[in-house]
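Here is a short note for a colleague who wants to go through the contacts between and within the chains. Please read it with the coordinates open.

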Amino acid sequence: MDSAAIATPQTHHADKHSFDTRIIWRTFWILTAITIFELAMAILYYETDFLPKHILNGVFLIMTLAKAFFIIAEFMHLGHEIKNLVMTTAIPCLLFLWFVIAFVSDGASFRHLRNQYDRYELEQSKTPVHKTEQHPEAKKPGVE
Amino acid sequence: MAQAVPAGQKWWSGGKSPFHVEYGKLMMWYFLMSDAFTFGALLISYGTIRMSSNSWPNPNEVFKTFPIVGEMPVPLAFVSLMTFILIASSVTMVLAVGAGHNQDRKTVMKYLFFTIIGGLAFLSCQAWEWTHLHMEGAWWGRNPFMNIDGTQSSTNFTNFFFTITGFHGFHVFSGVIVNTIMLIMTWRGVFDRKGHYLMIEKAGLYWHFVDLVWVFVFTCFYLL
């Protein structure tokens, strides 16, 4: 608590001007607009299949990263901190690049191998079931 | 974008705070980074399992209900409303932090109150969504939905859905508790006596992080 009091004079007055309500509301509208755009794309795809799904997924991921950027930079105010602090949080997060690529490609590889060597599983996963048929365990608990 | 500092400033030679923030705020950033990896691990394991499946349920089919309108399908509308609520409550939180910078007790209390209302609204929406899915037969270990190509779906879909949205909802719940404590402390004038409102800033960081995670949960479960 004492350290907070000591830090206050420097940290506090220096960036007072950067809490600009105009920028906050602009960020809010950007985030809302991106969300509405994503929703519109998802519904349009649902109704018309206007784009291949993997291209649409790429669009969604870019939109998500854009939203994340605005939240971190403006709402969490990281864009207004000094470079040392930005780097000390941003650089460890680069691990996510490896994390996502390694694990998702591992999943894809597993599917490929299983489809190749477990023909029974492949056949099962290609056989449609009737819509009305309920999963045996899908009943509500307590309802007979 | 980075804050302007005099060129050639020797940050590491002692006597200065190299990150130019208070200790607690820096630690909050590191906590959030570790929490990001926790959520990252959950979401990436979901991605791995989904990539290893030949097919997966269609979110537009699963999440198409809205309270009041009954059976009319409105894909993703409800979850978009939840997203909007969380973004709006993030805005009121920033406004509270901004008011704290100006030592404006009344305004801080007003915006903290709105933020808490937003958090409670989000939790209520999630409670409705979970209840509805549960009534349709979905729960951990039970999946009533078909894959998008009409084949039998595994329970991976519901297991991941309830675990990850549940973990996120628990974060929202903790955030509401923290914000309520902040509101009471502000009301009792604790921060005025301290002379600064840095605690509000730390609570704000946590609250925005919850919003940030939801952006990724929204994409992973409802859009992809």
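The points below cover the interface, the salt bridges and one loop serine.

1. The structure is a predicted model. Side-chain atom pairs were counted only at pLDDT 80 or more, whereas totals for chains and interfaces use all residues.

2. Extent of the interface. On the side of chain B, 75 residues are in contact with 77 residues of chain A. The two chains bury about 6,900 Å² between them, and carbon and sulfur atoms give 71% of that area. Within chain B, the residues that lose the most area to chain A are B:Trp29, B:Asn54 and B:His101. Together these three account for 10% of what that side buries.

3. Polar and charged pairs across the interface. How many salt bridges are counted between chain B and chain A? The count is one. The side chains of B:Lys25 and A:Glu81 form a salt bridge, with an N to O distance of 3.1 Å. Polar contacts across the interface of chain B and chain A come to 14 residue pairs, with both residues at pLDDT 80 or more.

4. Elements on the chain B side. Two or more residues each come from helix 1, helix 2, helix 3 (77-101), helix 4 (105-135) and helix 7 of chain B. Helix 1 of chain B gives the most to the side that touches chain A, namely 14 residues. By residue class, the chain B side divides into 40 nonpolar, 28 polar and seven charged residues.

5. Salt bridges in the whole structure. Over all chains, the search finds seven salt bridges. One pair is B:Lys64 with B:Glu61, whose closest N and O atoms are 4.0 Å apart. B:Lys64 is partly exposed at 26% relative accessibility, and B:Glu61 is also partly exposed, with a relative accessible area of 38%. A network also exists: salt bridges that share partners join A:Glu81, B:Lys25 and B:Glu201.

6. A pair in chain A. A:Asp20 and A:Arg22 meet through their side chains in a salt bridge, at 3.9 Å from N to O. A:Asp20 counts as partly exposed at 24% relative accessibility, while A:Arg22 counts as exposed at 64%.

7. A buried pair in chain B. The side chains of B:Lys202 and B:Glu22 form a salt bridge with an N to O distance of 3.2 Å. B:Lys202 lies in helix 7 (residues 198-223) of chain B and B:Glu22 in the segment before helix 1 of chain B, so the pair ties together parts that are 180 residues apart in sequence. Are these two residues buried or exposed? B:Lys202 is buried, with a relative accessible area of 13%, and B:Glu22 is buried at 7%.

8. The loop serine. B:Ser52 sits in the loop between helix 1 (23-51) and helix 2 (59-62) of chain B. Its relative accessible area is 8%, so B:Ser52 counts as buried, the cut-off being under 20%. A polar atom of the B:Ser52 side chain lies 2.9 Å from the backbone oxygen of B:Ile49. Which residues does B:Ser52 contact, leaving aside its neighbours within four places in sequence? They are A:Gly107, A:Phe110, A:Arg111 and A:Arg114.

Key. Residues numbered from 1 in each chain as written. Chains lettered and ligands numbered in written order. Predicted model: local features only at pLDDT ≥ 70, side-chain atom pairs only at ≥ 80, totals over all residues. Heavy atoms only, no water. Helix = DSSP H or I, 4+ residues; strand = E, 2+ residues; numbered from the N terminus. Buried < 20%, exposed > 50% of the residue type's maximum accessible area, 1.4 Å probe, protein only. Polar contact = N/O pair within 3.5 Å; in protein donor to acceptor, adjacent residues only side chain to side chain. Contact = heavy atoms within 4.5 Å. Buried area = accessible area lost by both parts, 1.4 Å probe. Nonpolar A, V, L, I, M, F, W, Y, C, P; charged D, E, K, R; others polar.
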